[in-house]
Amino acid sequence: MGIVVTGATGALGRLVIDELLTKVPADQVTALVRNKEKAAELAARGVELRIADYDEPATLAGAFRAGDRVLLISASEVGRRIPQHTAVIEAAKAAGVAQLAYTGILGGPDADFQLAAEHKVTEQLILDSGLPHTFLRNGWYSENYTANLAPVLEHGAVVANAGEGRVASAARADYAAAAAAVLISDGHLGKAYELSGDTAWSFAEYAAEVAKATGKDITYTEVPGAVHQEILVGAGLPDAFAAILVDVDFAIGRGLLAGTSGDLAALIGRPTTPIAATIADALA
């Protein structure tokens, strides 16, 4: 059995490789990467490298082998994912892979916010392909928030337009462990897992956790979407991406990222990582 991880030098991909290497021999793991130099550390650990680019379908022709179990980590470039994912799906089908696991988004076809659109199309492409598949519908990474603690600490405020909405986030490593579990064990074909943290927190609770961890006065400041958009653009984000984040906050306000199905904890065999622990790691 060969296991192939696409996007293996990304933040999630590296963690999936790390987890796999604790479970199976390195010669069973292949990293699909665009840049060989960036993957040198993986090669040094005995992981096979295959060089391919989502944007150049011809490079994917030899990326997979019959019987491979493949993890398609969704591409990072919003707006370009459909052709990129299509290229991977077509190459996987041509090779006759045994499983295509895809990291989509919590809620799958029921997610109605902008960031979910390309994920929903990708799931349908996989269904239409007839490939044996597993959908890993990832909720929010706690690091989406803790990676941006500097402005929170500078201004003493967590700013969002999410109202009293809640987020059932988990650490990125939790999602990586779930992906690895699905790739190395049987019984997952045809299944869709709604992956999220065990506990959903509000932004006021998140602000309180940051305050507790830092000893600083941190509050949740709710702002209208248009104001949040201006703040994000002022911080250097492109207009289009800022609009997507504002739309996500509205989705949070509607409860779309608050689900706690228990699927993630069940796959990894332990409780998910609390937001307080991820805050502590970010501050260490």
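## Charged pairs and crossing helices

At 39% relative accessibility, Arg 80 is partly exposed, a label that covers the range between buried (under 20% relative accessible area) and exposed (over 50%), using a 1.4 Å probe and protein chains only. Before going on, note that this is a predicted model, where local features need pLDDT of at least 70, side-chain atom pairs count only at pLDDT 80 or more, and totals for chains, interfaces and linings use all residues. Residues are numbered from 1 along each chain as its sequence is written, and side-chain values use heavy atoms, with hydrogens and water left out.

So what does Arg 80 pair with in a salt bridge at 2.7 Å, N to O? Its partner is Asp 55; a salt bridge here is a side-chain nitrogen of Lys or Arg within 4 Å of a carboxyl oxygen of Asp or Glu. Arg 80 sits in the loop between β4 (69-72) and α3 (81-95), and Asp 55 in the loop between β3 and β4, so the pair ties together parts that are 25 residues apart in sequence. Those element names come from DSSP runs numbered from the N terminus: helices are H or I with at least four residues, strands are E with at least two. Asp 55 is partly exposed too, at 34%. Arg 80 also forms a salt bridge with Glu 77, with the closest N and O atoms 2.8 Å apart, and Glu 77 is partly exposed at 26%.

Salt bridges with shared partners also link Arg 14, Asp 18, Glu 41 and Arg 45 into one network. Within that group, the side chains of Arg 45 and Asp 18 meet at 2.7 Å, N to O. The whole structure holds 14 salt bridges.

Now for the helices. The axes of α9 (residues 225-234) and α10 (residues 239-253) come within 9 Å and cross at roughly 140°; axes are lines fitted to C-alpha atoms, for helices over the stretch in contact, and angles run from 0 to 180 degrees between N-to-C directions. The two helices are therefore oblique to each other, as angles under 35 degrees count as roughly parallel, over 145 as roughly antiparallel, 65 to 115 as roughly perpendicular and the rest as oblique.

Further along the tour, α8 (residues 203-214) and α12 (residues 275-283) pack at about 45°, with their axes 10 Å apart. This pair is therefore oblique as well. In α8, Tyr 206, Glu 209, Val 210, Ala 213 and Thr 214 meet Ile 275, Ala 276, Ile 279 and Leu 283 of α12, where contact means heavy atoms within 4.5 Å.
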